[in-house]
Amino acid sequence: MSADLQSIIQSKEVERRRLRALPWLEKLEMLDKLRLRHVWLQTMRPQTKKRPA
């Protein structure tokens, strides 16, 4: 395994531990922000016509 890949895996594990340690209220607030961001991104995406099947 390359050093770069090992570094990525380690940083992801550190982030997972950080997120696990957060209080529930903070996690819920993060979810709310992610949901709002998703909705905003959907409005910014150009609309494409769906082709009939």
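Which residues does Met 1 touch, not counting residues up to four places away in sequence?

1. In this predicted model, Met 1 touches Gln 6 and Ile 9 once residues up to four places away in sequence are set aside. Met 1 itself lies in the segment before α1, the helix that spans 3-21.

2. Met 1 counts as exposed because its relative accessibility is 72%, and the cut-off for that class is over 50%. Together with Leu 5, Ile 8 and Ile 9, Met 1 makes a nonpolar surface patch of about 410 Å².

3. The structure holds four salt bridges, and one of them joins the side chains of Glu 13 and Arg 17, with an N to O distance of 3.7 Å. Because Glu 13 and Arg 17 are four residues apart in helix α1, about one helical turn separates them. Glu 13 is partly exposed at a relative accessible area of 27%, and Arg 17 is likewise partly exposed at 46%.

4. Glu 13 also meets Arg 20 in a salt bridge, at 3.5 Å from N to O, and Arg 20 is exposed, with a relative accessible area of 52%.

5. A salt bridge links Arg 18 with Glu 15, whose closest N and O atoms are 2.7 Å apart; both residues lie in helix α1, three residues apart, which is about one turn of the helix.

6. As for the aromatic side chains, the structure holds zero aromatic pairs, but Lys 27 lies over the face of Trp 24, at 4.9 Å from the ring centre.

Methods
Residues are numbered from 1 along each chain as its sequence is written. This is a predicted model: local features need pLDDT of at least 70, side-chain atom pairs count only at pLDDT 80 or more; totals for chains, interfaces and linings use all residues. Side-chain values use heavy atoms; hydrogens and water are left out. Helices (H or I, at least four residues) and strands (E, at least two) are DSSP runs, numbered from the N terminus. Buried means under 20% relative accessible area, exposed over 50%, partly exposed in between (1.4 Å probe, protein chains only). Contact means heavy atoms within 4.5 Å. Patches are made of residues with over 30% relative accessible area and no salt bridge: like charges are joined within 9 Å, nonpolar side chains (Val, Leu, Ile, Met, Phe, Trp, Tyr) within 5 Å. Accessible areas come from the Shrake-Rupley method with a 1.4 Å probe; for residues, only the protein chains shown count as cover. Rings of Phe, Tyr and Trp (its six-membered ring) pair if their centres lie within 6.5 Å; planes under 30 degrees apart count as stacked, over 60 as edge-to-face and the rest as tilted. A charge sits over a ring if NZ of Lys or CZ of Arg is within 6 Å of the ring centre and within 35 degrees of the ring normal.
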